[in-house]
Amino acid sequence: IDGLVDLFFDDRKVLRFLQRLLYEPAPGANFRIAWMIGQVCGRVATREPGPVADLLHRLFEASADSAASSWGMVEAIGAIIAARPDIYGAFTRHLFNFMGDPGTREGVLWGLGEIAAAKPELIRKNTPFYSLFPVLNHDNPQLRALTLRLLGRLAATEAGLQIMSLQYDQSPVTIYEQGQPVETTVAALSAEATRNLHSNQG
């Protein structure tokens, strides 16, 4: 990551190169590459926030274009916002809008979870996050898991009973943290989210 940051200051095309990496079809590559992009952009933005804002606009355009593949685009948006919520936090509500597309739902939930870890009030104040509560009952365990991760980080006591109701759901899932796959279960994420709710109350 240090090398990529240094390279950017020599050649501004680095961010476009990183965006092209998102078309890598390998499973999970979108999360790894998105996290890396977020880290690079977070550092670059300290000196030059403009090119990163331009990249965000390109990522949004690519995600909105149904003719273009949006692999990893919304994940990268979430990772960039999470890396510098002080600069790019206003983009959070636009990311949330992609929840309406089944093809980008998983990426949006992962990205919102990244932002929630960095600055949860951005989601609480700028999105209708409570509309995500029904996703806890979704047939897809990956969506249940990512919603638990997000709501736990938001300390969403409003969904406490629904979060606890998944404490026996042993569905296996893979969640990407800092670019690396973590094997876990919906039940484990329910327990973690519940702990976050209680620690927030304390």
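Okay, T194 first: leaving out residues up to four places away in sequence, T194 touches I163 and M164, where contact means heavy atoms within 4.5 Å. T194 sits in helix α12, residues 186-201. Helices here are DSSP runs of H or I with at least four residues, strands are E runs of at least two, and both are numbered from the N terminus. And T194 is buried, at a relative accessible area of 11%. For the cut-offs, buried is under 20% relative accessible area, exposed is over 50%, and partly exposed is in between, with a 1.4 Å probe and protein chains only.

Before I go on, a word on what we're looking at. This is a predicted model, so local features need pLDDT of at least 70 and side-chain atom pairs count only at pLDDT 80 or more, while totals for chains, interfaces and linings use all residues. Residues are numbered from 1 along each chain as its sequence is written, and side-chain values use heavy atoms, with hydrogens and water left out.

G78 is in helix α5, and G78 is buried, with 0% relative accessibility. Which residues does G78 touch, not counting those up to four places away in sequence? They are L95, G111, E114 and I115. G78 and Y88 are ten residues apart along the chain, and their C-alpha atoms are separated by 9.9 Å.

Then L122, in helix α9, residues 120-126. L122 counts as buried too, at 11% relative accessibility. Leaving aside neighbours within four places in sequence, L122 is in contact with I81, P85, G89, T92, I115 and T127. For a separation, take L122 and G103: 19 residues apart along the chain, with 24 Å between their C-alpha atoms.

A64, in helix α4, is exposed, at 57% relative accessibility. A64 and L22 are 42 residues apart in sequence, and 15 Å apart in space, C-alpha to C-alpha.

Since I've mentioned α4, let's do the helix pair. Two packed helices are described by the angle between their axes and the distance between the axes. α3 and α4, the latter being residues 49-64, pack at an angle of about 140° with their axes 7 Å apart. That makes α3 oblique to α4. The axes are lines fitted to C-alpha atoms, for helices over the stretch in contact, and the angles run from 0 to 180 degrees between N-to-C directions. Under 35 degrees counts as roughly parallel, over 145 as roughly antiparallel, 65 to 115 as roughly perpendicular, and the rest as oblique.

Who makes the contact? From α3 we have I37, C41, V44, A45 and R47, and from α4 we have P49, V52 and L55. By class that's seven nonpolar, no polar and one charged. Nonpolar covers Ala, Val, Leu, Ile, Met, Phe, Trp, Tyr, Cys and Pro, charged covers Asp, Glu, Lys and Arg, and the others, Gly among them, are polar.

Now, backbone. Most residues other than glycine have a negative phi. A155 has a positive phi of about 50°, although A155 is not a glycine. A155 is in the loop between α10 (141-153) and α11 (160-164). Is A155 buried or exposed? Buried, with a relative accessible area of 11%. Q178 also isn't a glycine, and its phi is positive, near 50°. Q178 lies in the loop between β1 and β2 (180-185), and Q178 is exposed, at 58% relative accessible area.

Last topic, pockets. The search runs on a 1 Å grid over the protein atoms alone; a pocket is an open set of points with protein on both sides within 12 Å along at least five of seven lines, and lining residues have an atom within 4 Å of a point. Volume is the space filled by probe spheres set on the points, with grid points joined across faces, edges and corners.

The largest pocket has a volume of about 340 Å³. Its lining has 19 residues, and N30, F31, W71, E75 and E106 lie nearest the centre. Elements giving two or more residues to that lining are α3 (29-47), α5 (73-83), α8 (105-118) and β1 (172-177). The largest share, three residues, comes from α3. The lining divides into seven nonpolar, nine polar and three charged residues.

The second largest pocket has a volume of about 190 Å³. Its lining includes W35, Q39, E114, R153 and Q178. Here α3, α5 and α8 are the elements that give two or more residues. By class, the lining of this second pocket has six nonpolar, two polar and three charged residues.

Definitions and conventions: 1 Å grid on protein atoms, 1.4 Å probe; cavity = no way out; pocket = protein on both sides within 12 Å on 5 of 7 lines; lining within 4 Å.
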